[in-house]
Amino acid sequence: MALIALLGTLLLSACAGRHAAAPALQSAGGPPSLVPTYLVWDAGAACAAPHLHPLHLSADVVYVGEEHGDPVPGLFVRDLLHAQAAAAQPVALAVEMLPWTLQYGADRWSDGSLDEEAWLSAVDWGNVWGWPWEAYAPAWRALPEAGGMLVALNAPRELTRAIARGGLDQLDPAFLLLLPDLRWPGPEGYDALIRGALLATAEAHGGHGHFSEALLSRYVDAQRVWDSTMAERLVQARRALGEDTRFVVLAGKMHIIGGLGIPLRADRLMHVQSELVIYSAAGVPEDTTGARWWLLPVNEETAGLPRCAAPAGR
């Protein structure tokens, strides 16, 4: 059971990716600050910009891969929501941070019927998500200002934990009703990505011992349920809100990088133009094949990166 508990922690950590200490939060909401708090690295052009790219505004869906508890992705999402609203685009923010069973709570945020303190208590943020609210508050606060909807994407935690512990074959019948469509096993390379992330995170946490094939397979299945659930919820929400709604998806980077988690599963069910933006607290990653766009913190290391030319009209 100790190994199961350890791997449960590792799965959550691998979802977000390994990261350095989060920088201090520089803004608490409202209009975007004139002081840049992030850079967007364009891997195609090998340059960075302290602003959004036009492709981020024209995309039907922008997937933002975060590192849990780091405030920089939330600031990027805040600015993106403000920019989309300024362009008179209907917007929605779809998040991993809430299970779909709490969509009623997400609706209370969207309609403003609860103040912030009451809402955090109503959805039990500290237990349901657990990472500091301050890292996510700028993105959440921008949503009502933009007239947008909050969409809860995640699978119930009890479901993925049950799969990790006993496997799909041993699920209680009540859990079977919560499963997404699993007939498609996923894109090539998906299993290897998840296994590699679990083992690397275990090593980083000082994990030792032999992980059996059966145990790793159960955790890959749990991740597949996780990603498939969020993809299905995204598709359902887009159909409900209309195809003219611009979606920003905020989830741990392991659900988004390379498109292997949520994006490719959603693409099988809807035809959209999408962009992937992956956060890297450590700076420009050595391997940038997982996305064209990389979100970076502003610090001494990134200050000297070559700058992209500002898009026309800025």
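Contacts, rings and a disulfide in a predicted model

Author: In this predicted model, residues 24 or more positions apart account for 78% of the contacts in the protein with a separation of 6 or more.

Reader: Okay, and what does the secondary structure come to?

Author: The secondary structure of the protein comes to 13 helices and eight strands.

Reader: How much of the protein is buried?

Author: Of the 314 residues in the protein, buried ones make up 52%. The accessible surface comes to about 13,800 Å², and carbon and sulfur atoms hold 55% of that surface.

Reader: Let's turn to the rings, then: how many aromatic pairs are there?

Author: The count comes to eleven aromatic pairs. One of them joins Tyr38 and Phe76, whose ring centres are 5.6 Å apart with 80° between the planes, an edge-to-face arrangement.

Reader: Are Tyr38 and Phe76 buried or exposed?

Author: Tyr38 is buried, at a relative accessible area of 4%, and Phe76 is buried as well, at 0%. Both count as buried because their values fall under the 20% cut-off.

Reader: And what about Trp119 and Trp125, which kind of pair do they form?

Author: Trp119 and Trp125 form a tilted pair, with 6.3 Å from centre to centre and 45° between the planes. Trp119 is buried with a relative accessible area of 0%, and Trp125 is buried with 5%.

Reader: Which residues make up the aromatic cluster that has Trp119 in it?

Author: That one cluster is formed by Trp109, Trp119, Trp125, Trp129, Trp133, Tyr136 and Trp140.

Reader: Switching to charges over rings: which ring face does Arg265 lie over?

Author: Arg265 lies over the face of Tyr190, and its distance from the ring centre is 4.3 Å.

Reader: Now the cysteines. How many disulfides does the structure hold?

Author: The structure holds one disulfide, formed by Cys47 and Cys308 with their sulfur atoms 2.0 Å apart. In general terms, a disulfide is a covalent bond between the sulfur atoms of two cysteines.

Reader: Why is the disulfide of Cys47 and Cys308 called right-handed?

Author: The torsion about the S-S bond of Cys47 and Cys308 is about 105°, so the disulfide is right-handed.

Reader: What about the backbone at Ala46, anything in its phi?

Author: Ala46 has a positive phi of about 55° although it is not a glycine. For context, most residues other than glycine have a negative phi. Ala46 lies in the loop between strand 1 and strand 2, and at 39% relative accessibility Ala46 counts as partly exposed.

Reader: And Asp124, where is that one placed, and what is its phi?

Author: Asp124 is in the loop between helix 5 (116–122) and helix 6 (125–128), and the phi of Asp124 is near 55°, again a positive value in a residue other than glycine.

Reader: How accessible is Asp124?

Author: Asp124 counts as partly exposed, at 35% relative accessibility.

Note on methods:
Residues numbered from 1 in each chain as written. Predicted model: local features only at pLDDT ≥ 70, side-chain atom pairs only at ≥ 80, totals over all residues. Heavy atoms only, no water. Phe/Tyr/Trp six-rings, centres within 6.5 Å; stacked < 30°, edge-to-face > 60°. Buried < 20%, exposed > 50% of the residue type's maximum accessible area, 1.4 Å probe, protein only. Lys NZ or Arg CZ within 6 Å of the ring centre and 35° of its normal. Disulfide = S-S within 2.5 Å. Helix = DSSP H or I, 4+ residues; strand = E, 2+ residues; numbered from the N terminus. Contact = heavy atoms within 4.5 Å. Areas by Shrake-Rupley, 256 points an atom, 1.4 Å probe, with all protein chains shown as cover.
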